[in-house]
Amino acid sequence: MALPQTPESNPIDYIDDEDFISLDIPLEMAGERLDKVLAGSLPDYSRNRLKAWVEAGAVMVDGKVTKARYLLHGGESVKVFPQEMPEQFAFSPEDIPLDVVYEDDAIIVVNKPPGLVVHPAAGNWSGTLLNGLLFHYPELKLLPRAGIVHRLDKDTSGLMVVARTSQAQTSLVRQLQERTVGRRYLAWVWGDAPSQGKVLASVGRDQRDRLKMAAGSPQGKPAATLYRRLAKGLVGESAVALLECRLETGRTHQIRVHLESLGFPLVGDPVYRKKAPGAAKNLLFNRQALHAFALSLQHPVKNELMTWFRLPPQDLLDLLPQLGMNDEVLPKESVVLASIENELRP
């Protein structure tokens, strides 16, 4: 994986807020060695791996590549670009069924089911969407990450676009960088959510729990989520709401973290659930109730605005009556498509 200098300088790089880790070095760490500070700040990675990244030029101090033994002065800005390890290139094709919504010579749009990991990583080296893509579209082995340019959490369902050519991949990544890709989600949340709102809060790694993200993190990246309420319901005496969310940025766990920060955790979320009521234990649902139902973008070759729409999978439809709702509360395809086209057309 080539070292990305900035999001704009490498247009075919994968768009993901985990592309680099940003660290601000406290003044009291003056005189400490870079490799020692990295090891203490990034316990998820081994010392040997971090040292290898420094030597490979994948760690920058105030924008410059340096040595592992470099003595810090305090106050520096450090960026770490996690590098793929050799085992991550051993991806093999697997006959995994894919729900292909659209395909042509340039792009593939898939409707990802809940439970499917998008990209191989530690603990999930097989059985992923990428493995399935390599089986059904062998030519994708020539593209970085098999043409994948964005991702959904394992237990989030919905629409994703995959590039089939380097030209298409470059175009899609640029559209994601410029925030012209329309992504809309359905989110069922606990609480009496207002009719609409916008969350502006950085999202970054939770300093107390490295497996979680946190809103308002001082080392996080700017993030914006818009939402509007589509319906209200009750579980016992606990309020629930169905929200339509629109992303202006694409940070890891963004919707889940942003909504929980408002006091509206997602129904079924196994991680961000501190503010979920006791009634949550009575629901027969064990994943975050989040579905990417609409996706729109400029076709990389045709240069036409294209939009796709998919209703939630059966487990979310089965959840509706438990929340005092029915499928009449779900958005209508014709209305959504018209709204997106009006929003994105020049």
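First, a term: buried means under 20% relative accessible area, exposed means over 50%, and partly exposed lies in between, with a 1.4 Å probe and protein chains only. By that rule, E32 is partly exposed because its relative accessibility is 29%.

Where does this come from? This is a predicted model, where local features need pLDDT of at least 70, side-chain atom pairs count only at pLDDT 80 or more, and totals for chains, interfaces and linings use all residues. Residues are numbered from 1 along each chain as its sequence is written, and side-chain values use heavy atoms, with hydrogens and water left out.

Now the salt bridges. That means a side-chain nitrogen of Lys or Arg within 4 Å of a carboxyl oxygen of Asp or Glu. The whole structure has 11 of them.

E32 pairs with K36 in one, with the closest N and O atoms 3.4 Å apart. K36 is partly exposed, at 49%.

Next, R184 and E244: a salt bridge at 2.9 Å between the closest N and O atoms. R184 sits in strand β8 and E244 in strand β13, so the pair ties together parts 60 residues apart in sequence. Strands here are DSSP runs (E, at least two residues) and helices are too (H or I, at least four), numbered from the N terminus. Both R184 and E244 are buried.

Last, helix α5, residues 254-261. Why is α5 largely enclosed by the rest of the structure? Seven of its eight residues are buried. Among them are I255, V257 and L259. Just after α5, G263 takes a positive phi of about 95 degrees.
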